[in-house]
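Here is a briefing for a reader new to this structure. Please look over the sequence and the model, then read on.

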Amino acid sequence: ADFAPIGQAPTAYRGGVHRSLDGGLTWQAADNLLPLPAGGPAATGEVSALLVDPASVSLGNAQVLYFAARGLVRCIGGVPNVEVARIWRSSDASASWVPRDGLPNGVCTPLTQWAAPTSLAFDPGSVTTLYAGLRIQGYCPDCGDPLPTPVGGVYRSSNSGISWTAVNNGLPLMSGSGGPLDVVALAAVPGQPGTLYAALNDPTVEDDAGRVFKTTDGGANWSPADNGIVGLDVRALRVDPTAPNRVFAGVAGFELTPGGVYVSEDGGASWDSVSIDLPVDSAQSLALSLPVAGPPTLHAGTDEGVWSITRVPDGDIDGPPDATEDLAPNAGDGNADGQPDRLQAGVASFEIPLALLPLAARGGSRQGTVSNTDLRVIEGGACQQVYDTAAIDPLALPGDPGFAAEAGVVRFEYIGCTTVNVRLTFHDESFGPDWRLRRYGPITAANVLTLGWLNQAATRNGNSWSFTLTDHSAGDLRREPGRILFVGA
């Protein structure tokens, strides 16, 4: 983005497009030949997407490139005029660029507003067919602005960006009656022409529930594809090219609505969380590293750096790998119900590493499997799946005056239910009368200003604690309805 720090000229802190020819060691501006207004370098505004045509490689470089930017629309005499194009194309590896902005100009009344691209994607069947996801620029929901009138959503070009057509049939509308929702991300499915996903957001509704939609006919028709992630702030989409039905979604968040990463293995029909160990603000961008052999590594960009995971078998998608659950007592049957924990979506046995235990207080390591925690859903209904079960670092949380997390801190989540009965077992622990089950979360439900530690009402039988969790109550770290996130010790 072209925002110069105070005291620096724009030329000393330019945005725009840059290129590296040495693997990122050095960078040079790659948009110098753009026709720019008087604003100087990088006057295209914030660059939101780059698109590289892999079929155009010549002499080691891809020749055909596109980039999307905020651009600039200025109203002159009540008529919107595109002064800086929003989509650009190069056919010579960025030596020169030509505008490919056939998007609507926008409106001048009552406010200057236009649709700016956030994302670009090739159609898997043709490199001359492109899609652009748009958001409305110039709209201020906190300023009392009326419902935006420019038409955004998804646009399609079949001639390398020379002209564009809206393809929004089936997409939800702003406030239910305006134009299509803002598009936050697009992802095309390799090998399936006309198939792509769009992550959407309604800027006219505060704390709007994000949506993901899918098309299989090049945008002629869209349908929901977000069962399991409705209401989450999806910021990024990534399709696994080695498994086209596998789609990852990156979700942004904060303390009372943690973000994370979700995966669909059935082409968007259903989604499951794979957010184990991620920080609460994840994830605003996603990338995949594809090895010659073995599973890919998924990378998530967050406000706290880049986090990576190489997925290992976890058949019940509860967080701990199958191999870890097999280490539970009774040959992998931690809750002693006669079934292996790795085959039960409502049971998760996992390890609390020594590094996450107060060794000075405990005086040494634990025996057996170090520590295994068993979660079992007692109540029927929708709460048959536990997600992202893991031990977490006590130092990642504020201290709990008067208490020490001597048996470790655990995290788990239930989705699609309002009440669930849980039994939490610490296999290697002996509890006395001075132990309490403590929970970290909002002391006043959904109030981020009241985050702290509180007692969790529970009954104990030996090394097991039984308790009830209720959605949207004190201690629940999720403010979204139907989602219960427990962090406790």
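D240 is buried, with a relative accessible area of 0%. Buried means under 20% relative accessible area, exposed means over 50%, and partly exposed lies in between (1.4 Å probe, protein chains only). This is a predicted model: local features need pLDDT of at least 70, side-chain atom pairs count only at pLDDT 80 or more, and totals for chains, interfaces and linings use all residues. Residues are numbered from 1 along each chain as its sequence is written, and side-chain values use heavy atoms, with hydrogens and water left out.

**Salt bridges**

- D240 forms a salt bridge with R246, and their closest N and O atoms are 2.9 Å apart.
- A salt bridge here is a side-chain nitrogen of Lys or Arg within 4 Å of a carboxyl oxygen of Asp or Glu.
- A network of salt bridges links D240, R246, E265 and R311.
- R235 and D233 also meet through their side chains in a salt bridge, at 3.0 Å from N to O.
- R235 is partly exposed, with a relative accessible area of 36%.
- D233 is partly exposed too, with a relative accessible area of 26%.
- R478 pairs with E480 in a salt bridge, the closest N and O atoms being 3.7 Å apart.
- Both R478 and E480 are buried.
- The count of salt bridges comes to 12.

**The chain as a whole**

- The chain holds 3 helices and 35 strands.
- Helices (H or I, at least four residues) and strands (E, at least two) are DSSP runs, numbered from the N terminus.
- Of the 489 residues in the chain, 48% are buried.
- The chain exposes about 21,200 Å², and carbon and sulfur atoms supply 54% of that area.
- Accessible areas come from the Shrake-Rupley method with a 1.4 Å probe; for residues, only the protein chains shown count as cover.
- Among contacts in the chain with a separation of 6 or more, 55% are between residues 24 or more positions apart.
- Contact means heavy atoms within 4.5 Å.

**An open sheet**

- Four strands form an open sheet: its 4 strands have the order β15-β16-β17-β18, with antiparallel pairing.
- The edge strands are β15 (182-188) and β18 (223-224), and each pairs on one side only.
- Two strands pair if DSSP finds at least two bridges between them.
- Strands β15 and β16 (residues 196-201) run antiparallel and are joined by 6 bridges.
- Across this pair, V183 stands opposite L200 in β16.
- Strands of a sheet pair through backbone hydrogen bonds, either parallel or antiparallel.

**An enclosed strand**

- Strand β31 (residues 438-442) is largely enclosed by the rest of the structure, because 5 of its 5 residues are buried.
- β31 runs antiparallel to strand β32 (residues 451-455), and 5 bridges join them.
- R439 stands opposite L454 in β32.

**The loop between β20 and β21**

- F254 sits in the loop between β20 (247-252) and β21 (260-264).
- F254 counts as partly exposed, at 32% relative accessibility.
- E255 lies in the loop between β20 and β21.
- E255 is partly exposed, with a relative accessible area of 41%.
- Not counting residues up to four places away in sequence, E255 touches V448, L451 and L477.
- E255 and L451 are 196 residues apart along the chain, yet their C-alpha atoms are separated by 8.7 Å.

- S464 lies in strand β34 (residues 464-470).
- S464 is buried, with a relative accessible area of 12%.
- The side chains of S464 and T425 are joined by a polar contact of 2.7 Å.
- A polar contact is a pair of N or O atoms within 3.5 Å; within protein, one must be able to donate a hydrogen and the other to accept it, and residues adjacent in sequence count only if both atoms are side-chain atoms.
- Leaving aside neighbours within four places in sequence, S464 is in contact with R423, L424, T425 and T459.
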